[in-house]
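Look over the chain first.

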Amino acid sequence: MTNYVYVNGEYFPKDEAKISVFDHGYLYGDGIFEGIRAYNNRVFKFEEHIDRLYMSAKVLMLEIGLTKDEMKNKVLETLRKNGLREAYVRLIVSRGLGDLGLDPRKCKKPTIVIITDKISLYPPELYETGLSIVTLATRKNIPEALNPKVKSLNYLNNILGKIEANLAGAAEGVMLNQEGYVAECTADNIFVVYKRMGNIYVSTPPAHVGALEGITRNTILEIAPKLGYVPERKIFTRHALYNADEVFLTGTAAEIAPIIAIDGRVIGDGKPGPVTKQLLTAFRELTMTEGTKIMPD
Ligand code: PMP
């Protein structure tokens, strides 16, 4: 079946969906995006993703030209057109066509692209055996220069980090902020699980340290207390990572990925931990029942 891509109000078969080389998204990375997932005929945390897109747009003074509801309907329409009930959705809004200068005022209309595709799942072994990761030398962008809370098309900070992780043979890499505090990974948020005074904490850095306010991250912070754990947003260094009982990553594509070693230090007993597994099960249950319906069941 042909996969159609939405480009500025029209649908094109995947191979024919194109944008201009004069689009400032291409020339300068001037634009924003979202990665959204649909499970079991439902778009998961749809409102949250659309809200984050519009918050990113506000910071960049990017006038999308559609209301949030109109944007949601375009996404649902694209999913229906492609007959997808399980999907990965990539929603992109770039500054649009301009001249060769930087000035965004020259770009009169943003380019809106919606790609809905089959989700390529991570290998199941990843969740069984866990990942070994490393700390990267590339630091997170400082919020005063380019705030990591903005999900912009300018992902070079993360890509430089990913190149370093690749060179180290690691699946992911931890990025610290300018002060050396743990911020997040190149494409996922990070959590530590630890015990203190009879409580089990599920803890992640606050977004202001220099992390994306991840939607999977926020879902885990919501689920944790329902399972008897204490959710926490806390600033920490690598010391806390190395000494945690469990560490895991969160993201729309990866869901909840267990970490078993960081910089050669084995985490816990070197296997995905029970809290991580329980959170993953609870998360997957939620994805099956919650969300905005795509088509009648
Ligand atoms: N941090 C970064 C840098 C990301 O790009 C992403 C999304 N892939 C995440 C965290 C996870 O965010 P979410 O749970 O909203 O997908």
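Two strands pair if DSSP finds at least two bridges between them. Helices (H or I, at least four residues) and strands (E, at least two) are DSSP runs, numbered from the N terminus. This is a predicted model: local features need pLDDT of at least 70, side-chain atom pairs count only at pLDDT 80 or more, and totals for chains, interfaces and linings use all residues. Residues are numbered from 1 along each chain as its sequence is written, and side-chain values use heavy atoms, without hydrogens or water.

**Sheet.** Strand 4 (residues 42-43) and strand 16 run antiparallel, joined by two bridges. R42 has K293 of strand 16 as its bridge partner. Both strands belong to an open sheet of seven strands, ordered 2-1-6-5-3-4-16, with antiparallel pairing. Its edges are strand 2 (10-13) and strand 16 (292-293), each pairing on one side only.

**Cores.** A nonpolar core is a set of buried Ala, Val, Leu, Ile, Met, Phe, Trp, Tyr and Cys residues joined through side-chain atoms within 4.5 Å. Buried means under 20% relative accessible area, exposed over 50%, partly exposed in between (1.4 Å probe, protein chains only). The largest such core has 39 residues; I190, V202, L241 and V247 have the most contacts inside it. Apart from it lies another core of 26 residues, including L53 and I294.

Most residues other than glycine have a negative phi. Two exceptions follow.

| Residue | Phi | Relative accessibility |
|---|---|---|
| M197 | near 50 degrees | 81%, exposed |
| E255 | near 60 degrees | 4%, buried |

M197 sits in the loop between strand 10 (189-196) and strand 11 (199-204). E255 is in strand 14 (residues 255-262).
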